[in-house]
Amino acid sequence: MSSPHPARQRRRAAVALIAAGSTVLTGVLIGLAPGPAAASSHREAPLIAGDPPADNTDVYAFVSPDKPDTVTLIANWYPFQEPNGGPNFYPWATDTRHDINIDNDGDAKADLTYRWTFRTDDRRGKATFLYNNGQVTSLDDENLLFRQTYKLEVLDRYGHSKTLIRNGKVAPSNTGATSMPDYGALRGQAITDVPGGGKSYVGQADDSFFLDLRVFDLLYGANLSEVGQDTLAGYSVNTIALQVPRSALALKGDTTRNPVIGVWSDTERRSMLLKPGSENAFGPYVQVSRLGNPLVNEVVVPAGLKNKFNSLTPDQDRNIPDLVNRVTDPELPKLIQAIYGIPAPPTPRTDLVEIFLTGITTKAGGPIQADLNSQLNNADVDPNRFAPSEQLRLNMAVPPAASPNRLGVLAGDLQGFPNGRRLADDVLDIAVQAVEGAAVSGIVPALAAGDQVDANDKPFGSTFPYVALPGNTAVNQSSGGASAAPPPGWFNGAPLKPILGGLLAAVLIGSGVALYRRRPEWTPALAGA
C-alpha cells in the first residue's frame with residue numbers, strides 16, 4: 001500500500017492534534033482565535049470571560065507621533081461591543097480599579113500606577129428604559145440620561161497617591177447616528193487635561209485590533225486560503241488613553257539615561273454579594289485581569305494557567321515554571337509544523353525569552369544582537385534587582401518613524417512592536433513570525449502573507465487619542481446604517497419623553513378600540529369593573 005500524500009499526512013496530524021488535545025488550540029492559539037471567543041486578550045480566560053466589563057483586551061504604548069516629547073498609553077476593556085447593544089449599552093465597571101502600570105527600573109514591580117475609578121449618574125429611574133431620550137449634542141445635554149465620571153490617580157511604588165483628575169467626564173456609548181449625530185464632538189469634550197502637561201480620554205472607541213480569526217479551521221484552511229477577513233470589524237471597546245511627558249515615566253525623570261519603560265494594565269475588582277434584584281461590592285480588591293504584550297495569555301499560557309496568569313503580578317512570573325517553559329518551548333511552532341510542514345525552530349527559545357521576558361538586549365545574553373528595549377539598558381538600573389517578567393517594553397528614545405511599517409522591528413522599524421505597540425502594528429503577523437524565529441533568522445517566506453488583514457477597518461487619527469470613533473452599524477450587516485441626521489421635520493432634537501408618551505397613549509387607545517371592536521362580548525363585568 002502506498003504511503004499517504006505528505007500534505008494529507010500533515011492535515012491528518014493536525015486533526016489528531018486538535019481532536020486529542022483541544023488545549024493546543026483553546027489554550028495556546030487563542031491569540032489567533034475564534035469568533036467572539038478571543039482576540040488579543042478578548043475573553044481569553046474562563047473566569048474573565050464571564051465578566052466582560054473587567055476584561056482588559058489590549059495595551060498600546062508609543063511615542064506620540066505629533067508630540068514626540070510625550071508618550072501615549074492606551075488600554076481597552078469590555079470586548080465585542082455590538083453597536084446596537086441597548087438598552088444598557090456598555091458602561092464602565094464601578095467598584096473596580098482600572099490600572100496602567102509602569103516599571104522603569106526592571107524589578108517587575110510598578111513604579112507608577114495610573115488608576116481610573118468610575119461613578120455612575122443614572123437619571124432614568126422608573127421613567128424610561130432609554131439611555132438618552134433625545135438627541136445628544138454635548139456631555140451635559142439633558143437628553144443624556146446615563147452618565148459616568150472618573151477619578152484619575154497616580155500612585156508611586158509605595159502606594160502613595162495623588163489625584164490628577166477628580167471628576168473627569170466619560171464619553172458615552174454611541175447609541176446611534178440619530179441620537180448622537182456627532183460622536184467626534186462628544187469625544188472631544190471628554191478629553192481632559194492632566195496636570196503636568198498630559199491628557200486623558202475615557203470613552204468608547206472602535207476596537208483597534210485587526211486580524212482574521214478563522215484559525216480553528218485547521219489554521220486558515222490548512223493552506224492559508226481562509227484569510228483576509230477582519231473578524232473584529234465593526235466592534236467597539238471601552239478605551240482609556242493617557243498622554244504624558246516622557247520624563248514623567250522615566251526612571252529619575254531622566255529620559256536620556258533611562259529611556260526604557262515596561263507597561264501593563266490590570267483590573268482589580270471587589271467581591272460581589274448578589275441579592276434578588278441587587279448586588280453589593282465588599283471586601284478587598286482582587287486582580288482579575290492583566291495584559292502586557294498582546295497574545296501572551298493565548299499563544300504562550302496554557303489553558304490550565306490562564307486564570308492564574310490574570311491574577312499574577314509580573315514579579316511573580318519567573319517563579320511559575322509552567323509559564324517560563326511555555327516561552328522556551330512554545331506549542332504554536334509545533335502546530336504550524338504539523339499542518340504546513342514548516343520546521344519548528346530548535347528549543348530552548350532564548351529569542352522569545354528576550355521578546356517576552358527581558359526585553360531585547362545584548363546584556364541578556366540571548367541570540368538577538370541588539371540593545372533595544374530592556375530596562376537593563378537604563379543607566380541607573382541595578383542589574384542585581386532586574387527580574388525577567390512579561391511586560392510591553394518601550395524605548396522612549398526611539399523617535400517616531402517617518403514611514404511606519406506594520407511589521408515593526410522585524411521590518412527594521414524600531415519604533416514598532418515589540419518595541420512598544422502602535423495602533424497600526426500588525427501584531428498577529430509579527431507574533432507568528434516571531435514564534436517561527438524571524439527575530440533571529442529573518443522573515444519566514446512561507447508565512448509572509450500572514451492573515452492578509454494588514455490594517456484596521458477604520459483609519460486611526462493623527463492626534464490624541466488617535467483611536468477611531470465607535471461605529472453605529474450592526475456588525476452582521478455588510479454596509480448601510482442609520483442616517484447621520486434625524487428625518488426632516490421629526491423631533492428636531494427635542495426630548496422624546498412627551499412624544500413617546502403621546503405615541504404610547506395613542507397606541508394603547510387604538511389597540512383598546514380595535515380590541516373592543518373585535519370583542520363585543522367584553523363588558524364592564526368581564527373587565528373586572
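Is Tyr78 buried or exposed at 14% relative accessibility? Tyr78 counts as buried, because buried means under 20% relative accessible area, while exposed means over 50% and partly exposed lies in between (1.4 Å probe, protein chains only).

## About the model

This is a predicted model, in which local features need pLDDT of at least 70 and side-chain atom pairs count only at pLDDT 80 or more, whereas totals for chains, interfaces and linings use all residues. Residues are numbered from 1 along each chain as its sequence is written, and side-chain values use heavy atoms, with hydrogens and water left out.

## The whole chain

Let us begin with the overall picture. The protein chain has 529 residues, and 51% of them count as buried. It holds 14 helices and 12 strands; these are DSSP runs, numbered from the N terminus (helices are H or I with at least four residues, strands are E with at least two).

The accessible surface comes to about 22600 Å², and carbon and sulfur atoms account for 55% of it (Shrake-Rupley method, 1.4 Å probe; for residues, only the protein chains shown count as cover). A contact means heavy atoms within 4.5 Å. Among contacts with a separation of 6 or more, 66% are between residues 24 or more positions apart.

Strands of a sheet pair through backbone hydrogen bonds, either parallel or antiparallel. Here, five strands make an open sheet in the order 1-2-9-8-7, with antiparallel pairing (two strands pair if DSSP finds at least two bridges between them). Strand 1 and strand 7 (191–194) are the edge strands, each pairing on one side only. Strand 1 and strand 2 run antiparallel and are joined by seven bridges. Within this pairing, Val63 has Val71 in strand 2 as its bridge partner.

## Strand 12 and its partner

Strand 10 (residues 260–275) pairs with strand 12 in the antiparallel sense, over four bridges. Val263 has Leu392, in strand 12, as its bridge partner.

In a regular strand the side chains alternate between the two faces of the sheet. In strand 12 (residues 392–395), Leu392 and Leu394 point one way and Arg393 and Asn395 the other way, and all are buried.

## Aromatic rings

Rings of Phe, Tyr and Trp (its six-membered ring) pair if their centres lie within 6.5 Å; planes under 30 degrees apart count as stacked, over 60 as edge-to-face and the rest as tilted. The count comes to nine aromatic pairs. Tyr78 belongs to strand 2, while Tyr90 lies in the loop between strand 2 and strand 3 (96–103), 12 residues apart. Tyr90 is also buried, at a relative accessible area of 10%.

Phe464 and Tyr466 form an edge-to-face pair too, at 6.3 Å centre to centre and 85° between the planes. Phe464 counts as buried at 8% relative accessibility, and Tyr466 is buried at 3%. Elsewhere, Trp77, Trp92, Phe118 and Tyr150 form one aromatic cluster.

Pro65 sits in the loop between strand 1 (56–63) and strand 2 (70–81). Leaving aside neighbours within four places in sequence, Pro65 is in contact with Pro400 and Tyr466. Pro65 and Phe464 are 399 residues apart in sequence and 9.6 Å apart in space, C-alpha to C-alpha.

The ring of Tyr285 has the charged end of Arg97 over it, 3.8 Å from its centre (NZ of Lys or CZ of Arg within 6 Å of the ring centre and within 35 degrees of the ring normal). The charged end of Arg270 also sits over the ring of Tyr285, 5.8 Å from its centre.
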